[in-house]
Amino acid sequence: MKRSPLTLIPLGLLIGCIAFGAVYAWQTRKPRALLKAPEVGLAWLRSEFHLDDSQYARIEQLHRSYEAECARLCQKVAEENTRLARAAAATNTVTDGLRSQILETGRLRDQCRSSMLEYLYAVARELPPAAAQRYLELMLESTCVVEKPRAGGSVHSMNGHSHE
Amino acid sequence: MSFRTRIVERRERRTKACSMNTRRTDSRDEALSRLLRSWEVDRDAPLHMADDVWRRIAARGKADEEPWWKFSWAVWLRRPVLAFGYLGLIALLGAGTGAVRGRAAAESLSGELQGRYVMAIDPFAEPHR
């Protein structure tokens, strides 16, 4: 059977698609593998900062104890928030009770932040100096330890409410 | 012995050697000819080979002669070098695009992974977008 040379055009497209898919899959193989890990966050930390087994084991332990502490504080924050919501809905003026409720939720929130910062420092101590600095920069940028104004330069509250 | 005599002798010797060589070559040629006569090609050329060859020659000539605005893929791709070049170029383009898009996707996925870590440690973090 005589084949037309025009069959090379779809064949070329097929080869192009295969080449694209192969290189794309190769480039993204590492993050895709990390996404399948049982604990994605820790797997990312291990890969990003090239942790060896002993470093990873120590950081995992720090992570576990921080998780327990964080869960305890989160429970308290949730309870205080429920109480505050109920108190705020029951009145239309800022009473002393309401003010102290607000301060209490803020205090708990600050406790969470300082606990998180302790955890971040503890993790950083397990890393080599350059990696530790990069880790802290990344985490201080991404977490709520240091509150940052949002894009636009105006002052914002935590839930996005703006004061122009 | 005179110079003339020496030249004549040398010429005779050379003629004699030449005739010996010719006889040897003749006999070898004879053997080769016999061998060649006995050799039979037991495989036919592919059907339509001659037609194909002429068609390719015609296509090449046509491609060379035709002006660029009468460009024909069919004629152009009939040349093996250009056909393989086309396939190689497409493969290279695919691989290059895959590398660029793959790197961008890997960076985006890496950002998502970092976000998952932050979500795990920060109770007030917003989901990664």
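Predicted model: local features only at pLDDT ≥ 70, side-chain atom pairs only at ≥ 80, totals over all residues.
Visitor: Why is the pair A:Arg64 and A:Glu39 called a salt bridge?

Guide: The closest N and O atoms of A:Arg64 and A:Glu39 are 2.2 Å apart, and because a salt bridge asks for a side-chain nitrogen of Lys or Arg within 4 Å of a carboxyl oxygen of Asp or Glu, the pair counts as a salt bridge.

Visitor: What makes this pair a tie between parts that are apart in sequence?

Guide: A:Arg64 lies in helix α4 of chain A, whereas A:Glu39 sits in the loop between α2 and α3, so the pair ties together parts that are 25 residues apart in sequence. A:Glu39 and A:Arg64 also belong, with A:Glu60 and A:Glu67, to a network of salt bridges.

Visitor: How do you know whether A:Glu80 is buried or exposed?

Guide: The relative accessible area of A:Glu80 is 9%, and since buried means under 20%, A:Glu80 is buried. A:Arg83, its partner in a salt bridge of 2.8 Å, has a value of 40%, which falls between 20% and 50%, and therefore A:Arg83 is partly exposed.

Visitor: What makes the side of chain B that touches chain A nonpolar, polar or charged, residue by residue?

Guide: By class, that side of chain B has 20 nonpolar, six polar and nine charged residues. Despite those charged residues, the count of salt bridges between chain B and chain A is zero, while six residue pairs are in polar contact.

How values were computed
Residues numbered from 1 in each chain as written. Chains lettered and ligands numbered in written order. Heavy atoms only, no water. Polar contact = N/O pair within 3.5 Å; in protein donor to acceptor, adjacent residues only side chain to side chain. Nonpolar A, V, L, I, M, F, W, Y, C, P; charged D, E, K, R; others polar. Helix = DSSP H or I, 4+ residues; strand = E, 2+ residues; numbered from the N terminus. Buried < 20%, exposed > 50% of the residue type's maximum accessible area, 1.4 Å probe, protein only.
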